[in-house]
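Here is a set of questions and answers on strand pairing, cores and pockets. Look at the model first, then read on.

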Amino acid sequence: MPQFSRSLDIYQGFNFKKDKQSPVGFVTKLTLGGELDLAADQGSIKDPVLPGQDMEESVVGVLSHYLWETGTTDAMYLSMQVSVKNKTTLSAKLLNDWTSMDVTFGYVIYEYDPVKKKYFKSNWTEPELEGILEKNGDQLNLTVADDPSTEVQSPKNFTLQIGIKPQTKEQTVNMATGDGYNLTKIWGITEESA
């Protein structure tokens with residue numbers, strides 16, 4: 001089965017330049033444990049589709065990597081840069097017990113279409129997705145760096161990595177292979193009632 005894996009340009013995400021065509025991505029929503037809403041506090045992020053304009057809403061994080069094997073039960077793996085506030089909030093939560101593994105999240109990835117000479121959404125959520133924190137043995141697949149990133153020094157930001165498995169319900173992931181070449185994939189399987 002094909003996978004959707006993208007290494008994304010953090011610098012371009014924070015400091016968008018119209019003459020550069022590298023892929024960028026953003027996490028627009030991230031709620032962990034059903035109660036911990038990470039703040040959408042990365043403002044002044046430029047919209048790749050409308051260069052020169054800020055995105056309509058601030059983002060939780062700037063993506064550096066995204067991986068999904070595209071299977072309905074496959075986990076999604078996101079690596080992103082988050083603010084000092086979100087790093088501090090999540091670090092405190094990681095030191096406590098988790099009563100809920102629920103995750104609600106939204107993201108958007110943009111790539112450049114060399115034929116139409118413009119950016120397009122290549123993978124995005126609409127509406128947001130509902131998942132469960134992935135575990136590796138007894139450990140949650142959720143980390144946040146102690147030290148700030150050196151790729152983009154202002155605003156100060158920290159790497160957050162997370163693995164998310166789907167809830168037991170069908171959800172839609174929007175994808176595109178070029179501007180106007182859209183498709184959808186299902187993430188999650190509806191549990192049959194007995």
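This is a predicted model: local features need pLDDT of at least 70, side-chain atom pairs count only at pLDDT 80 or more; totals for chains, interfaces and linings use all residues.

Q: Which residue of β4 is the bridge partner of F26?
A: β2 and β4 run antiparallel and are joined by two bridges. In β4, F26 has as its bridge partner V62.

Q: How many of the eight residues of β4 are buried?
A: Buried means under 20% relative accessible area, with a 1.4 Å probe and protein chains only. β4 is largely enclosed by the rest of the structure, because its buried residues number seven.

Q: How many residues are in the largest nonpolar core?
A: A nonpolar core is a set of buried Ala, Val, Leu, Ile, Met, Phe, Trp, Tyr and Cys residues joined through side-chain atoms within 4.5 Å. M76, F105 and I162 are among the members that touch the most others. β4 and β5 are among the elements giving two or more residues to this core. The core's residue count is 33.

Q: How many residues does the second, separate core have?
A: This core includes V24, F26, M55 and W124. Its residue count is 16.

Q: What is the volume of the largest pocket?
A: A pocket is an open set of points on a 1 Å grid over the protein atoms alone, where a 1.4 Å probe fits, with protein on both sides within 12 Å along at least five of seven lines; lining residues have an atom within 4 Å of a point. Grid points are joined across faces, edges and corners, and a volume is the space filled by probe spheres set on the points. T28, M55, E57, V108 and K121 are the closest of the 18 lining residues to the centre of the largest pocket. Its volume is about 450 Å³.

Q: Which strand gives the most to the lining of the largest pocket?
A: β2, β6 and β7 each supply at least two lining residues. With four residues, the top contributor is β6.

How values were computed
Residues are numbered from 1 along each chain as its sequence is written. Side-chain values use heavy atoms; hydrogens and water are left out. Buried means under 20% relative accessible area, exposed over 50%, partly exposed in between (1.4 Å probe, protein chains only). Two strands pair if DSSP finds at least two bridges between them.
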